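Please open the model in a viewer and keep the selection panel at hand.

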Amino acid sequence: MNKAKREGVIFVVSAPSGAGKTTLCRELIDRFADLRQSVSFTTRQARAGEVDGVDYHFVDKADFHRMVNAGQLAEWAEVHGNCYGTSLATLEQAAEQGVDLLLDIDFQGATQLKKNYRHGVFVFILPPNFAELERRLRGRDTDTDEVISKRLKNAEREISEAGWYDYLVVNDDFQTALGELSAIVTAERCRSQRNGAILTELKIKGED
Ligand code: ADP
Ligand code: 5GP
């Protein structure tokens with residue numbers, strides 16, 4: 001049987017900074033060859049090792065606001081003092097091509113997308129506790145003390161939004177969290193509402 005086309009799924013993943021979202025999303029993309037990462041636009045400076053066009057599209061504030069005013073972003077938000085946004089064209093192309101997309105975005109952006117993409121899957125990743133969150137932020141060694149303090153201060157507010165997400169994953173043991181995320185992706189792909197084309201195809205074949 002030819003694989004009937006399934007509609008593309010948008011997986012939106014949020015977490016307070018340092019919870020392990022980037023590391024988990026990277027592993028998830030490796031595990032699911034047909035899951036694509038949406039590359040956001042940001043005004044933040046690139047960290048050591050980050051590549052333009054791969055980790056983010058790094059742009060200046062003027063360019064970012066030009067995109068906002070031109071309606072080119074499906075959502076955007078200011079997070080920890082920098083602007084971040086998702087390209088509308090990326091979402092539209094993925095939907096057209098039936099490609100599954102993984103979006104690593106904050107709760108403000110997720111709230112905006114929840115309104116327009118009601119079939120999206122919204123996952124919130126939690127740290128096991130605040131002490132471990134701080135340990136991970138410091139251990140990552142990518143941010144100044146000032147940036148770390150700002151991110152820790154924002155974490156409580158971010159976690160207070162977790163309740164409306166479809167799924168909560170606690171990233172204590174990494175492999176357990178990765179297994180839970182993978183299970184969510186697999187289960188959501190199998191939802192009958194997303195796979196009507198398979199039933200239609202089988203019915204047509206049955207009538208042959
Ligand atoms: P985020 O994208 O949420 O800001 P990162 O993926 O950069 O977080 O992870 C922050 C730090 O925590 C990194 O150094 C990462 O290797 C580490 N980390 C991620 N998950 C775990 C885990 N389950 N246990 C211990 N350390 C972790
Ligand atoms: P970081 O600077 O650590 O890469 O990301 C900081 C925060 O910005 C994270 O919570 C991340 O999820 C969020 N973020 C990254 N890209 C986007 C985006 O396109 N839109 C929104 N709203 N948030 C984003």
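**First stop: ligand 1**

Select Thr23 together with ligand 1: a polar side-chain atom of Thr23 lies 2.5 Å from an oxygen atom of the ligand, a polar contact being a pair of N or O atoms within 3.5 Å; within protein, one must be able to donate a hydrogen and the other to accept it, and residues adjacent in sequence count only if both atoms are side-chain atoms. The protein buries 77% of the 570 Å² that ligand 1 exposes when taken alone, with accessible areas taken from the Shrake-Rupley method with a 1.4 Å probe, where for residues only the protein chains shown count as cover.

This is a predicted model, in which local features need pLDDT of at least 70 and side-chain atom pairs count only at pLDDT 80 or more, while totals for chains, interfaces and linings use all residues. Residues are numbered from 1 along each chain as its sequence is written, chains are lettered from A and ligands numbered from 1 in the order in which they are written, and side-chain values use heavy atoms, with hydrogens and water left out.

Next, select Thr22, where an N or O atom of the side chain is 2.4 Å from an oxygen atom of ligand 1. Then move to Asn171, which places a polar side-chain atom 2.8 Å from a nitrogen atom of ligand 1.

Now display the whole shell: 14 residues surround ligand 1, and Gly18, Thr22, Thr23, Arg140 and Asn171 are the closest (a residue is near a molecule or strand if one of its heavy atoms lies within 4 Å of it). Three of the shell residues are nonpolar, six polar and five charged; Ala, Val, Leu, Ile, Met, Phe, Trp, Tyr, Cys and Pro count as nonpolar, Asp, Glu, Lys and Arg as charged, and the others, Gly among them, as polar. Helix 1 and helix 5 each contribute at least two residues to this shell; helices (H or I, at least four residues) and strands (E, at least two) are DSSP runs, numbered from the N terminus.

**Second stop: the largest pocket**

Colour helix 1 (21-31), strand 5, strand 6, helix 5 (130-140) and helix 6 (145-159), each of which supplies at least two lining residues. Helix 1 gives the most, with six.

Select Glu75, with a polar side-chain atom 2.8 Å from a nitrogen atom of ligand 2. Asp106 likewise has a polar side-chain atom, 2.7 Å from a nitrogen atom of ligand 2. At Gly85, show the backbone: one of its polar atoms is 3.1 Å from an oxygen atom of ligand 2. The protein covers 97% of the 510 Å² of accessible area that ligand 2 has on its own.
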